[in-house]
Amino acid sequence: MTTTVTRKGQVTVPKKIRDAKNLAPGSQVDFVLNAQGEIVLKKAGKQVTRRKPKDQFEAARGKADIKWRTDDLMALLRSDD
């Protein structure tokens, strides 16, 4: 799809793209330059579309800031202190 840049630097986002990205009048968008030098249009705001975790353990998976060694962690969990 081709569009023309106006003197003010404006472009019209084609309807097919607006519909695909759920863009309505007044929607904010971000333009991102990717590693290949292509310009990518993204809907601004919360872009994170994560699926709902199955349970509390899955929700916590990968959240630790400390890298535990298994033996150290097991020793800590098994201590009788």
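Figure 1. Lys-43 sits in strand β2, where strands (E, at least two residues) and helices (H or I, at least four residues) are DSSP runs numbered from the N terminus. This is a predicted model, in which local features need pLDDT of at least 70 and side-chain atom pairs count only at pLDDT 80 or more, while totals for chains, interfaces and linings use all residues. Residues are numbered from 1 along each chain as its sequence is written, and side-chain values use heavy atoms, with hydrogens and water left out. Lys-43 is partly exposed, at 28% relative accessibility; on this scale, buried means under 20% relative accessible area, exposed over 50%, and partly exposed in between (1.4 Å probe, protein chains only). Leaving aside residues up to four places away in sequence, Lys-43 touches Lys-21, Asn-22, Leu-23, Gln-28 and Val-29, a contact being heavy atoms within 4.5 Å.

**Figure 2. Asn-22, a loop residue with positive phi.** Asn-22 belongs to the loop between α1 (15-20) and β1. What is the phi of Asn-22? The value is near 55°, which is positive in a residue other than glycine. As background, most residues other than glycine have a negative phi. Asn-22 is exposed, with a relative accessible area of 58%. From Asn-22 to Lys-43 is 21 residues along the chain, and their C-alpha atoms are separated by 8.3 Å.

Figure 3. A pocket is an open set of points on a 1 Å grid over the protein atoms alone, where a 1.4 Å probe fits, with protein on both sides within 12 Å along at least five of seven lines; lining residues have an atom within 4 Å of a point. Grid points are joined across faces, edges and corners, and a volume is the space filled by probe spheres set on the points. Thr-3, Val-11, Thr-12, Val-13, Pro-14, Ile-17, Phe-31, Ile-39, Val-40 and Leu-41 line this pocket. Which element gives the largest share of the lining? Strand β2 (residues 39-43) does, with 3 residues. By class, the lining holds 8 nonpolar, 2 polar and no charged residues; Ala, Val, Leu, Ile, Met, Phe, Trp, Tyr, Cys and Pro count as nonpolar, Asp, Glu, Lys and Arg as charged, and the others, Gly among them, as polar.

**Figure 4. The second largest pocket.** About 150 Å³ of space lies in this one. Its lining is made up of Val-11, Val-13, Arg-18, Leu-23, Ala-24, Pro-25, Gly-26, Ser-27, Val-29, Phe-31 and Leu-41. By class, these are 8 nonpolar, 2 polar and 1 charged residues.

**Figure 5. Gln-36 in the loop between the strands.** Gln-36 lies between β1 (29-33) and β2, in the loop. Is Gln-36 buried or exposed? Gln-36 is exposed, with a relative accessible area of 61%. From C-alpha to C-alpha, Gln-36 and Arg-69 are 39 Å apart in space and 33 residues apart in sequence.

**Figure 6. Ala-60 in helix α2, with the whole chain for context.** Ala-60 is part of helix α2 (residues 56-60) and is partly exposed, with a relative accessible area of 46%. Ala-60 and Lys-15 are 45 residues apart in sequence, and 40 Å separates their C-alpha atoms. The protein has 3 helices and 2 strands, in the order α-β-β-α-α along the sequence. The C-alpha trace spans about 75 × 25 × 20 Å along its principal axes. Of the 81 residues, 2% count as buried. Among contacts between residues at least 6 apart in sequence, 5% join residues at least 24 apart.
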